[in-house]
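Subject: Structure handover

Hello,

Here is the structure I promised you. Please open it and keep it beside this email while you read.

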Amino acid sequence: MNLTSVPDGFAIRTHGLTRRFGPLTAVDHVELQVPRGAIFGLLGANGAGKSTLMKMLTTLLRPTSGSAEVDGCDIVQAPAQVRRRIGYVPQLLSADGTLTGYENLRLSAQLYALPRAQRGARIAEALAFMGLTDAAHKLVRTYSGGMVRRLELAQAMLHRPRVLFLDEPTIGLDPMARHSVWDRLHDLRRDYGMTVLITTHDMEEAETLCEALAILHAGRIAVVGTPGDLQRDIGPAATMDDVFARHAGGGIADGGDFAGAVRTRKTANRLG
Ligand SMILES: Nc1ncnc2c1ncn2[C@@H]1O[C@H](COP(=O)(O)OP(=O)(O)OP(=O)(O)O)[C@@H](O)[C@H]1O
C-alpha cells in the first residue's frame, strides 16, 4: 500500500490533534492519514495514547486542540455526522450477556435508528456474515470469546459504517478465534469497502492483519509505514518486535505495566 498517493483519498485525517488531561499530554499534535479501505493499526506501549486518540476520532472525547475529519466530517464541528458514519467496538465487553445475540442486534438496530422495514434483513445478514446464525437465539453469556467479538462486530456493522474503530479487537482470544475475527475484518473491507482502524499490542496481528501501521510513543506518532517497510528499514532479518522496540520506547520487553496486565486479564475473563 502506497501511503502517500491514495486514489480514493483518506478516511481519517488529523491535524495537530492534541488531548491533555491536566498536566499530562496524552495525545500530542498527532498528524495521521488513514487511506480509505485500509486496515490500519495503531500500536504503542501502555499509556502511549492509542485509546485517547481513538476516543477523539469516535467523538467520545473532545480534543484540547487541533482537528480531525472522519469520512470527510469534522469531529468537533459535525460530531453527529461522524457518529452516523462510524462503528466502534470498545476494549471492554459491549454486548449484553443476559440477552441473545439476536436481541443485542435488535437493540443496536434501534440505537442506530435503522428503518423498521430494513431491520430484520440487516440483522439476518449481519448474523450470517459473522457466522452466528445458528447461535442467534442463545444467550450471549453462553458464547465463546470469539463469538462475542464477532457479535460485537455484527452490532458495529449493522448500519454499514464507512469507518470501523476497534480497540484491541482480539485481546484475550485464542489463536483460532483471533483468526476468525481477522477473516471477518478482511471480508468487511472486501465486501463493504470499510476502512478499519484498530489498536493492538499483538505483533502478529499488526503484521498479518494491518496493511499500514502508526506507532505512538508518549502521545506522538513515532513512525508510520507498512509492516514490511518498517521491518526492512531496521534490517533484513528484523521482526515486528524489533520495529516496536525501536519506535515504541521498549514497551514490549518489559511486558507493559501492571494496570495494563490487570485490564487484559479482566477483559479475557469477561470474554470467557
Ligand atoms: N480520563 C483520563 N483522565 C486522566 N488521564 C487519562 C485519562 N484517560 C487516559 N489518561 C492517561 O492518558 C495516557 C494515555 O492513555 P491511553 O489509554 O490513551 O493509552 P493507550 O495507549 O490506549 O494505553 P493501553 O495500551 O494501556 O490501552 C495515559 O497516561 C493515561 O493514564
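Does Ile39 count as buried or exposed? With 22 C-beta neighbours inside 10 Å, Ile39 counts as buried. The cut-offs are these: a residue is buried if 20 or more other C-beta atoms lie within 10 Å of its own, exposed if 12 or fewer, and partly exposed in between, with C-beta atoms placed from the backbone.

Before the rest, two notes. This is a predicted model: local features need pLDDT of at least 70, side-chain atom pairs count only at pLDDT 80 or more, and totals for chains, interfaces and linings use all residues. Residues are numbered from 1 along each chain as its sequence is written.

**The whole chain**

The chain has 10 helices and 11 strands. Helices (H or I, at least four residues) and strands (E, at least two) are DSSP runs, numbered from the N terminus. Of the 272 residues of the chain, 42% count as buried. Now look at contacts with a separation of 6 or more: residues 24 or more positions apart account for 70% of them. Two residues are in contact if their C-beta atoms, placed from the backbone, lie within 7 Å.

UniProt, in an unreviewed entry, places the feature "domain: ABC transporter" at residues 12-243. UniProt positions are in the numbering used here, feature names are shortened, and annotations may be inferred rather than shown by experiment. In the model, that span is 39% helix and 26% strand. The end C-alpha atoms of residues 12-243 lie 24 Å apart.

**Back to Ile39**

Ile39 is found in strand β4 (residues 39-44). Leaving out residues up to four places away in sequence, Ile39 touches Leu185, Arg189, Val196, Leu209, Cys210 and Glu211. Asn104 is another matter: Ile39 and Asn104 are 65 residues apart in sequence and 26 Å apart in space, C-alpha to C-alpha.

Why is helix α1 (residues 50-57) largely enclosed by the rest of the structure? It is because 7 of its 8 residues are buried. They are Lys50, Ser51, Thr52, Leu53, Met54, Met56 and Leu57. Just after α1, Thr59 takes a positive phi of about 70 degrees.

Helix α1 also matters for the ligand shell: α1 gives the most to that shell, with 3 residues. Of the 12 residues around the ligand, Phe21, Ala26, Asn46, Ser51 and Thr52 come nearest. A residue is near a molecule or strand if its C-beta atom, placed from the backbone, lies within 6 Å of it. The elements that give two or more residues to the shell are β2 (24-30) and α1. By class, the shell has 4 nonpolar, 7 polar and 1 charged residues. Here Ala, Val, Leu, Ile, Met, Phe, Trp, Tyr, Cys and Pro count as nonpolar, Asp, Glu, Lys and Arg as charged, and the others, Gly among them, as polar.

At what angle do helix α8 (residues 227-234) and helix α9 (residues 240-247) pack? The angle is about 75 degrees, and the axes are 9 Å apart. Axes are lines fitted to C-alpha atoms, for helices over the stretch in contact, and angles run from 0 to 180 degrees between N-to-C directions. The two helices are therefore roughly perpendicular to each other. Angles under 35 degrees count as roughly parallel, over 145 as roughly antiparallel, 65 to 115 as roughly perpendicular and the rest as oblique.

Pro227, Leu230, Gln231 and Ile234 in α8 meet Met240, Asp242, Val243 and Arg246 in α9. By class, this contact has 5 nonpolar, 1 polar and 2 charged residues.

- His29 is found in strand β2. His29 has a positive phi of about 50 degrees although it is not a glycine. With 15 other C-beta atoms within 10 Å, His29 is partly exposed.
- Ala218 sits in the loop between β10 (212-217) and β11 (220-225). Phi of Ala218 is near 50 degrees, a positive value in a residue other than glycine. Ala218 counts as partly exposed, with 16 C-beta neighbours inside 10 Å.
- Arg106 is found in helix α3 (residues 101-111). Arg106 and Arg122 are 16 residues apart in sequence and 9.8 Å apart in space, C-alpha to C-alpha.
- His179 lies in helix α6 (residues 175-192). The C-alpha atoms of His179 and Glu205, 26 residues apart along the chain, are separated by 9.2 Å.

Best wishes
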